Amino acid sequence: MKERTRIEEIILLLANTEGHCLTLDEINKKLQINRNTLLVYIHRLKKRKMIKSRWLYDEKGERKRLYCLEVKT
């Protein structure tokens with residue numbers, strides 16, 4: 001059986017999350033991928049228009065980048 005690639009793991013994680021969105025820290029905690037490596041994979045997915053990003057303000061008023069799976073209907 002073929003192992004999943006890291007890009008496939010990111011897509012599956014976002015697909016199985018309510019709202020299909022997570023922050024970089026949440027993805028990092030769940031997949032245990034180096035932060036800089038994870039940014040490279042996310043950039044590649046954004047370039048392929050498979051995910052999109054937007055800003056999120058948390059309870060403390062801090063801005064965080066939210067990465068969402070691009071759901072086409």
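The classes count Ala, Val, Leu, Ile, Met, Phe, Trp, Tyr, Cys and Pro as nonpolar, Asp, Glu, Lys and Arg as charged, and the others, Gly among them, as polar.

The model is predicted: local features need pLDDT of at least 70 and side-chain atom pairs count only at pLDDT 80 or more, while totals for chains, interfaces and linings use all residues. Residues are numbered from 1 along each chain as its sequence is written, and side-chain values use heavy atoms, with hydrogens and water left out.

I noted that helices (H or I, at least four residues) and strands (E, at least two) are DSSP runs, numbered from the N terminus.

**Entry on angles.** I looked up how H1 and H3 lie: they pack at an angle of about 75°, with their axes 10 Å apart. Axes are lines fitted to C-alpha atoms, for helices over the stretch in contact, and angles run from 0 to 180 degrees between N-to-C directions. H1 is therefore roughly perpendicular to H3 (the term covers 65 to 115 degrees; under 35 is roughly parallel, over 145 roughly antiparallel, and the rest oblique).

I then took H2 (residues 24–31) and H3 (residues 35–47), whose axes come within 10 Å and cross at roughly 115°. These two are therefore roughly perpendicular to each other as well. Leu24, Asp25, Ile27 and Asn28 in H2 meet Arg35, Leu38, Leu39 and Ile42 in H3. By class I list five nonpolar, one polar and two charged residues for the contact of H2 with H3.

**Entry on buried sides.** Which residues of H1 (residues 6–15) are buried? I found Ile7, Ile10, Leu13 and Leu14; buried means under 20% relative accessible area, exposed over 50%, partly exposed in between (1.4 Å probe, protein chains only). They cover an arc of only 125° around the axis, which puts them on the same side of H1; the arc is that of the directions from the helix axis to the C-beta atoms. Their cover includes strand E1 (21–23), H2, H3, strand E2 (51–57) and strand E3 (63–69).

In H2 I found Leu24, Ile27 and Leu31 buried. They fall within an arc of 65° seen down the axis, so they line one face of H2. These buried residues pack against H1, E1, H3 and E3. The face turned away from them carries the exposed Lys29 and Lys30.

Note on methods:
Contact = heavy atoms within 4.5 Å.
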